[in-house]
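Colleague: I would like to go through this model with you. Please set each term against its cut-off.

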Amino acid sequence: MAYRIGIDVGGTNTDVVLLNEQHQVLAKTKRPDSADILTGIRLAVEDVLRLSGVDPSQITHAMLGTTQVTNAIIERRDLNDVVIIRLGAPATRAVKPLAGWPADLRERYQPYAYIVEGGHEYDGREISTLNETELYRIAREVKGRVQAVAITGVFSPVNPAHEERAAAIFREVLGEDVHISLSYQIGSVGLLERENATVLNAAVAAVAKRAALSFKQALAHLGIHADLYLTQNDGTLMSVDYALMYPILTIACGPTNSMRGAAYLTGLKDAIVVDVGGTSTDVGVLVNGFPRESLVAVEVGGVRTNFRMPDLFSIGIGGGSVVQASGPSVTVGPRSVGYRIVEEGLCFGGRTVTFTDAAVALGKAKVGTHPVTLDAALASAAYDVAVQAVTDAIDRMKTSAGKVPLILVGGGSVLLPDEFAGVSEVHRPDHFDVANAIGAAIAQVSGRVDRIFAMEHTSREKVLEEAVSIATAEAIRAGADPGSVEVVEIEEVPIAYLPGNAVRVKVTVAGTLASYGTSAAIQGDDDARP
Amino acid sequence: MTSLSSEPCPGISFGRSRVALSVATNIIRRYLNVGEMALRKLIHAADIDDLALGATVLGTGGGGDPYIGALMAKQAIEEHGPVELITIDELADADLVIPSAMMGAPTVMVEKIPSGAEPVAAFRQLEQFLGQRAAATVSIEAGGLNSTIPFVVAAELRIPVLDADSMGRAFPEIPMTALHLGGISATPMVLVDEKGNAVLLSTINNAWTEALSRNATIVMGGSSMLALYAASAADMRQHMIHGTLSKAMELGHLLMSPLTTEEKLSRLLETTAGQRLFSGKIVDVMRRTEGGFARGTVTLEGMGRDADSVLRLEFQNENLVALRDGVPVATVPDLITVLDAETVRPITTEELRYGQRAIVIGMPCAPVWRSEQALALVGPRYFGYDIDYTPLSARASAAR
């Protein structure tokens, strides 16, 4: 038998599930986070091994979803010193790198930000010849002062040649130990956002390396020698080696994993997912089994980026949200006792009135160790306020006026009712409380392309075919079984005021993981990137 | 072309004395009229955010995202100080005014950001060709990203921006201006790219200007900066649409205020003399590329008092025609803008997507666009729709 484990290291808990080949849940656990990620993972994985009785050597795949990278950026913790190289001069000088960044990060990274001659036009012509002399000079200047390099060339999604050449120069001068991030592998058209994402990627490379190492060591300690994967923000997997190159893509994987888990547990491909935690509730939309993506620029730690991020609407209401009454008006949240609900909530013998207590008082849910005595009018008002906020959030995310199915996941979802306005049916799958870890465990491997194509001397079909084949090749490199790769999404956006019917084409494909032997062979093939 | 930027040609000395005279006149005016002085308006970096947001309302879904233009203007103002926004009454009739603008694909501009030197280079080279210094610059297009470009030039050259534009909205082509209707030529015109290339155009009419400059822009890599439609303050007084930049700022300021959704909407409609055409949810967005323009159709299903009705919106970069249950309720050149139902922020045609809740509003265009000659240039038939233009206000009163 072959087994897999899914791990979700969130802000409060570490959740782990162990699945068999049929993706049935054999064991699950939820543990408060430990001070170090290694211990947290080790203890939680020990739980599921003990509960299932599975031999560690039979675990072939382990998937990790973690907020380590996100938290490192938000908390400015353990970030690399980065040299920022933009290839585009004389163009782009009007807006310098780090524009719009929070002052503390800008101050830190400003000293090694350069705009060098190079880059391309939208049609692939050079703006200027790449200034290699200057790149060598900068590389020698920063040697020993930075741990990472972020290279962004104008229109590199159309022509990555200058980014590749610049990378070779920095590699030659700085050696193998320095991390190099290339923008064309990270983001799409939109120079500033792509550059920001690339700089952040370079900044978190060390943090990601440490998290990956902890993950490896924790499992090795338990005698697990599986293929290791990290989940990314679109709900698909990257091999650990790949994730070390693109750690920024793991941002926001938590909510995505919950939604993917919800889709898997219910078998629904199109639905609204409501994930209720201790402090907040995320509402997202499943389209064809994947989270709908946000179209607006997403800020990470105050930095504007253009990552692929799930389109979420979050409200500050969760199981631990504090209920407050002032005169006739009752509020729920955003203040929350969070995980301390087990000490502070009325239903656990504490003295704070929470949303959970209101639900328990009304008989809507059975939670806690103590009976709750609460004024019925207050409980009912608080409950209605919270449910109305969730109903409004659902309504906001809906894509049509018709009724849609709803999936409730997350530990706090037991508090919510079985009916909502505009919802056709409410699903409460088994294992709803560890949907995120399940989402990580069952994740697929994806490939993406987001480029501008000219349709003038070719047909639409040919362009789409080319885009799909680029995305497919990327999925296979990331570990997908070639036979299983399917197109998830194709989007075409015509671009105004360019000749040759220029179209921005976005294609996403996804496939299941290749078997152990195949994927290991592919993971070793690091140089196969375009 | 480089010689243009070094030694001034002989004519410039005449130009300089002219400028000196005009500056002197302005100083005298300021001392004579303290009341007027108090009214003079300085535009700071923070005001540019208001301008950019308001310009998106007037951009009717197109005109390009003012994000990069606004960053450039703010950087220029932070470097060189605030810019004066003046009315036409503060200029002498003979003063030269040169509009500044960007041409090309907004998508290119967010990737190949300008060097920052282009707008001033184009402006200076046109001044030199004309042998006269400009007393002010102005916007060609108050809708979209061209609302912000003149502030880059004005900050760096320390000249004022005239509170006016030549469209009162956004349009896709160079001849679609009130100046063109007034018989003003867009040329002599200078296009500059970020590499330092400059093209000076002299054409027989504005249609040729459009064709030649569009092609030059493509060779330059898809975007260029322009100085064009140079004219005297007397001509600008007669042919421009006045007060549009301050109106855009007022709209942006309003939308960023903490007012409620209803208050924002009603004040926005009051400021623009506009009307609410439809409230609903976007149920379909269809896009296609034709002739280099991003065309499409968006369908909204009505909500609230518009329940059971369907609004179809046709766009080509800008929103052009709104049909309610098959009947036209607003057409170009009147302004049709889609707003987010909750934030009242404008949604551009590129951002339109399935599921958004939106309010569609109509705003009457500047009166200059309602003549027969103007409608041949920018009416629904020019854009390929087989319907007549009926002014928005007339439609509203007919409906009542």
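Colleague: Which residues point one way from strand 9 of chain B, and which the other way?

Modeller: Ser223(B), Met225(B) and Ala227(B) point one way. Ser224(B) and Leu226(B) point the other way. In a regular strand, side chains alternate between the two faces of the sheet. Bear in mind that this is a predicted model: local features need pLDDT of at least 70, side-chain atom pairs count only at pLDDT 80 or more, and totals for chains, interfaces and linings use all residues. Residues are numbered from 1 along each chain as its sequence is written, and chains are lettered from A and ligands numbered from 1 in the order in which they are written.

Colleague: Why is strand 9 of chain B called largely enclosed?

Modeller: A residue is buried if 20 or more other C-beta atoms lie within 10 Å of its own, exposed if 12 or fewer, and partly exposed in between, with C-beta atoms placed from the backbone. In strand 9 (residues 223-227) of chain B, 5 of the 5 residues are buried, so the rest of the structure largely encloses it. A strand here is a DSSP run of E, at least two residues long; a helix is a run of H or I, at least four; both are numbered from the N terminus.

Colleague: What makes strand 3 and strand 9 of chain B a pair?

Modeller: Pairing needs at least two bridges found by DSSP between the strands. Strand 3 (residues 96-104) of chain B has 5 bridges to strand 9 of chain B, and they run antiparallel. Met102(B) stands opposite Met225(B) there. Strand 7 (residues 189-192) of chain B also pairs with strand 9 of chain B, antiparallel, over 3 bridges. Here Leu191(B) has Leu226(B) as its bridge partner.

Colleague: What makes helix 8 of chain B mostly covered?

Modeller: In helix 8 (residues 149-157) of chain B, 8 of the 9 residues are buried. Among them are Phe151(B) and Leu157(B). Just after this helix, Arg158(B) takes a positive phi of about 55°.

Colleague: How many residues are in contact between domain 1 and domain 2 of chain B?

Modeller: Contact means C-beta atoms, placed from the backbone, within 7 Å. By that test, 19 residues of domain 1 of chain B touch 20 residues of domain 2 of chain B. Helix 4 of chain B gives the most to the domain 1 side, with 3 residues. The bounds, 2-247 and 267-399, come from an automatic or database domain assignment.

Methods. Two residues are in contact if their C-beta atoms, placed from the backbone, lie within 7 Å.
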